[in-house]
Amino acid sequence: MSMWLRERRAILAAAVGSRVLVLGAAAADHRLHWPHGPVPVHGASTAHTLSILSFWDGVWYRTVAEQGYLLIPGRQSDPAFFPLFPIVLRALEGLGLSFLTTGILVANGAFVIGIVAFYELSRRLVPVDVARTSAMVAAFFPMSFVFSMTYPESLVLAALALALLFALSGRWTLSAVAGAAAALGRPEAMFFALPLAAIAIGLGRLSGSKGNGRAIGAAFAPVASIATFPLYLGWALDNPTAWNGAQRAWGRSFSLDGIVRAFHQLSARGQSPWLWRDFAFCLIYLGLIVVASRLGISWPWLVAGAALVLLPLATGTFMSDSRFGVLALPAYWGAGALARRRLVRLPLLVVSAGLLVAGTMTIPLANP
Amino acid sequence: MAASESSIKPASSRTGWVRLAVASGATAAGLAALLAGAAFGLQAVTLPRPSRPQLMAAQTMRWLTAQHAIKSLVLVRGRQVSSICVNATIGPLGRRAHRLNGSLVVTGRRRFVETRFASFRVGSTLREEDGPLPAIRAVLAGCPRALERRIGRFLDDRAPVEAKRVFLYGGRMLRLSFRRRHSRLFLIVDPRTFAPVAVRIAREGTGWSYLAPAERRDLVQSPLRLSRRLRLIVKEDA
């Protein structure tokens, strides 16, 4: 155990250290009252030292945890948010902590597990030095402050990395459970059914009919899990299409000309300048995925990563693409390959950490 | 002999392959179904469900989002006063460059526009009106957007909603009562379509206002027509 820990000391230090930076920046933001921004959503708490980590969608996840779903036609409402995070918050209600404190503890705890699992996964797919750098870059990635917010991203990162890691180890049932959990957290997790299927085809053949079946089951688990959400909404709200209805109210309906509209929106008058941050990160993710392809990462992984970054653009906006992309695992392998040399790695991590602090402190100004 | 062996071998391997595929498929489907069942159960057991009256109120919201114009009738000091309200887009107004969704309310010869942020009396120009009264008048006039906003606020806060059966126009209707701190709203809705047929705000001096979707002939009345200058700012959707 101590040997295992010693080997992963740098990864754990990066995961914990980056969270200390994020939590410190959030606390400084609260203490200094800087930068000043409007309270983003009604009902957002501003009293807690780490309040800013519960802003924006965090308020909606808390509402679901407290009061369940309700589709309110013609208005932005909560069925647009997947249920894993509220389920976990509600399950831990018995601890007697506030939803905000529980949310921050869950998000940050899951992130540390996620980074270690991602490192283990990376070791099986890329050289060890690239795996180590990739995990460090993921920990200090400028947008990784969302993993500390009361959002499901860190739970999904952990579940996804574990699902893929278990699949590579041939532990199909565990992989299926983790994959199903990831898909219950965010629908994008479904894209990773593709690498799961590739692993299942590759390894399942060797493990007999039962193992083969469990392997295919593990690949289908995220899809089966996602399908239960509309079923649940149908049961609870008498409306199985509530998710689509809510997405439309949030301006997130898919259309064929979505990507064209997303580009038009960039230059439209009166648009938020923060859109350019999302655009820039979209390019960065795609560039890093291209670099990952040169590492010999197989196409199902690359397609899953690219789909995760590109598909949201079909809703006609780049808005939040920088956040969606934090789950594009192949992008971190691309970054790991670029920064495997110490000469590049150190400055990159320092710049990333600086941007991470800046990103955290500007949470009140822009929806990540 | 060799020929007969070769004809048996592929058949048995095909049977074995089919058996393997069926067994694998069944295991995969079983695992996926088990996980789907667990995922559904987890959501059903952990997350609270909205109450039936809250769902009815959401249905009323859905009906309202499909409406462009509503007419209303209210009794003021024993006199029937009718209004018509149409959805409109308003702007640009002052520093706000964007057009805003709002409502144009016509009561006799008086007209006003109401938006989320402000209300304006419509004369030869637009004059801003202060206080909560214009918003209340828009709700009582049955303006779909104003009513949506009012009900939506109650639902956003998951305010308790009560449903009671009542009789109106010789038929069975549902009365939905919304309560949040000092604010109360009553709606009578058709239980088949969830269309609101009457609305009341619990406030001194306001009675029930009876609502119906506006018909084409209601929309051609002259007070709805605005001067060319105002039409640049207020555009009717109906």
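In chain A, residues A:T133, A:M136, A:V137 and A:F140 of helix α6(A) meet A:R345, A:L349, A:S352, A:A353 and A:L356 of helix α17(A), a contact being a pair of residues whose C-beta atoms, placed from the backbone, lie within 7 Å. By class, this contact has six nonpolar, two polar and one charged residues; Ala, Val, Leu, Ile, Met, Phe, Trp, Tyr, Cys and Pro count as nonpolar, Asp, Glu, Lys and Arg as charged, and the others, Gly among them, as polar. The model is predicted, with local features needing pLDDT of at least 70 and side-chain atom pairs counting only at pLDDT 80 or more, while totals for chains, interfaces and linings use all residues. Residues are numbered from 1 along each chain as its sequence is written, and chains are lettered from A and ligands numbered from 1 in the order in which they are written.

The axes of α6 (residues 128-140) and α17 (residues 342-361) of chain A come within 9 Å and cross at roughly 20°. Axes here are lines fitted to C-alpha atoms, for helices over the stretch in contact, with angles running from 0 to 180 degrees between N-to-C directions. The two helices α6(A) and α17(A) are therefore roughly parallel, the term for angles under 35 degrees. Helices (H or I, at least four residues) and strands (E, at least two) are DSSP runs, numbered from the N terminus.

Also in chain A, helix α7 (residues 153-168) reaches 22 Å from its first C-alpha to its last, close to the 22 Å expected for its 16 residues at 1.5 Å a residue. Of these 16 residues, 15 are buried, meaning that 20 or more other C-beta atoms lie within 10 Å of the residue's own. After α7(A) comes A:G170, with a positive phi near 75°.

Turning to chain B, six helices and 12 strands are found, and 34% of the 238 residues are buried. Helix α3 (residues 133-140) of chain B packs against α4(B) at about 105°, with the axes 7 Å apart. The pair α3(B) and α4(B) is therefore roughly perpendicular, a class that covers 65 to 115 degrees. B:A135, B:A138 and B:V139 of α3(B) and B:A146, B:L147 and B:R150 of α4(B) make the contact, which has five nonpolar residues, no polar and one charged.

Between the chains, the contact takes 34 residues from chain B and 39 from chain A. On the chain B side, α1 (2-46), α2 (52-65) and α4 (144-156) each supply at least two residues, with the largest share, 17 residues, coming from α1(B).

Conventions. Contact = placed C-beta atoms within 7 Å. Buried ≥ 20, exposed ≤ 12 C-beta atoms within 10 Å, placed from the backbone. Parallel < 35°, antiparallel > 145°, perpendicular 65-115°, else oblique. Expected span 1.5 Å × (residues − 1).
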